[in-house]
Amino acid sequence: MQSCRSILIVVIGLFLLAPAESPAADLHVASETIMRGFERKIENGKELDAVPVYQYLQMDYGNLASPGLSLHVNGWGRLNLGDNYNEKGTAGELLHAYMQYLSTSRDLLVRVGRQYVFEGVAKDSLDGVYAKTDLVPALTISAYAGSPVTPGAAEGRQGDLILGGKVSHSRPGLYDLGVSYKYLADNGKRDEESVGTDLTLLLPGSVYLLGHSAYNLVSGGWKEHSYELRLPLKQFSVHPFFQHYSYDDYFNNRSNSANPFRFLKDSGNAMTVAGTEAFWYLSEQQEYVLRFKNYDYDQRFSSSQLYSLLAIWKWKIHSEVGAEFGRMQGNDAENSYYLGRGYFFWNQKPWFVTGDLMYVSYDKKIYKQDSSLFASLGGGAKFMDDAFSVKMSFDYSYDPYFDEDYRWMLKLSVPIDKTFDTSFSKK
Amino acid sequence: MKILKHTALLIALLLPGLLLACGVRNAYRLPATHPPLSELGERREYCTKCHGFKKEPFDFERYNHTALFTESHRLAAYQDERVCALCHSQSFCSDCHATRVELKPSVKNPTENYRRMQHRGDYLARHRIEGRMDPTSCFRCHGNPKSSQTCRPCHG
């Protein structure tokens, strides 16, 4: 928690010291207060009433819709109003707190502070610096360095380091090709080191090839190859895909990760997933989707298949009815189920109503139950010219883990958008 | 010494790109933000509704939000996260991609059922099966020590 406070102080201080580029500054604040209610049965069979309250707070200030400086903060906290939930009475996390600079020509982007970096092989949260530039035409270069947030504070953060970057070359109408690199050390020990490629290749007939490959420099093997073709055929769009994962190279066996991942790391297994997603756009209002996936393994399991059919009818934005039927045909009954789902969302500004029904039938009983049912009814409205909104939902389910489960949720959202004249305050 | 090695590797990655870039001019720059979605009318989830199928100066077709986009957007997002950032702030992405959040996305936004958010309904039972079928899909989000806090109470 002390490190979160330090990050906030440093980032806000930097922002205040930086010279203003624009005489106006935008402020966007989004507050979400979520109250949930549900029963929990603990080890001795005793039932507890949990009523956790969550507060999410997002704040963005500065040049939000134009180049310049801006400040971005987001975090959440939880307080238990009922019985204890999730071991501790309170919890929270600073998700990001960074200052951003975007140059007037939009050639250079710099972020300083706690942020999420999403660059090829990197999908990490870090306290540090990130920069991305298009200064050289057709070439995008990014780099980042800092202390990773993910290893956790149990062993301290001394010696923790994350750094990397990505180089992308683009030829509009032909290809985008990126090469990325990431190094992550936990307490001075090399935990991860990867290189990867990202590709978009435009082929004749408006056919796309999208792909990603990643190589583990620590284990010396390919972690992943994921490639997908996108074939437009009039009202249809067909997306055949191929993915291959080597478990020894994909998973990590660091000590503070979850057990299944550490086990899989040394399993010697590999998985190949191949299949197709087919979209049929019958009209502006109707879409049908067929999905097929085949899973093949080098060891442990024989092949399995996933089939789903999805139908969606929309009559306006965010007003739709959908139905889904799916089958997971696992290698045996223990890994097989049927799934059916129907839902609707009816948007009639300023209010809306939603409903969701999901039924799953398991081929082999799980804890003496061979099926589960989930039903949800919700609704909400916006008040005072969208100054705040209220959403409610009630859920019912029975499943192998809960006999009769009732849950409710109340969400209050307050967005604030203001523009300030800063020509006097920052000179 | 290690930092020097990594810096040298980064420079080695950058140099070929710089050479490739020679001779190319007038590259397109993405705007700072997209106009607010609420002003765009119906069927705005398809970029091509407004931008068409033009490949130049920038090809938005890859980013069309199809019915399965929530489950399969990663290959498109890998191309350039700035395209996502035109409409989505980091806060939006944090609902799923954050290092640690207690509320799974479908619980935080239960009424937004059209988004097909992960783990809807009775996922506790289904994850036994889907986790066995494709554990890489678990690891992608729960693979780091902070986000695996969801898994450890049962799995250790």
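Strands are DSSP runs of E with at least two residues, and helices are runs of H or I with at least four, both numbered from the N terminus. The model described here is predicted, so local features need pLDDT of at least 70 and side-chain atom pairs count only at pLDDT 80 or more, while totals for chains, interfaces and linings use all residues. Residues are numbered from 1 along each chain as its sequence is written, and side-chain values use heavy atoms, with hydrogens and water left out.

In chain A, β17 (304–316) and β19 (337–348) each supply at least two residues of a nonpolar patch. The patch is formed by A:Trp313, A:Trp315, A:Val321, A:Phe344, A:Trp346, A:Trp351 and A:Leu377, which together have about 670 Å² of accessible area. Such patches join nonpolar side chains (Val, Leu, Ile, Met, Phe, Trp, Tyr) within 5 Å, or like charges within 9 Å, from residues with over 30% relative accessible area and no salt bridge; areas come from the Shrake-Rupley method with a 1.4 Å probe, and for residues only the protein chains shown count as cover. A:Trp313 lies in strand β17 of chain A.

The interface comes next. Chain B contributes 93 residues to the contact and chain A 142, where contact means heavy atoms within 4.5 Å. Across this interface of chain B and chain A, 13 salt bridges are found, each a side-chain nitrogen of Lys or Arg within 4 Å of a carboxyl oxygen of Asp or Glu. Helix α1 (residues 2–21) of chain B gives the most to the side of chain B that touches chain A, with eleven residues. A salt bridge also joins the side chains of A:Glu93 and B:Lys146 (2.6 Å, N to O).

Definitions and conventions: Chains lettered and ligands numbered in written order.
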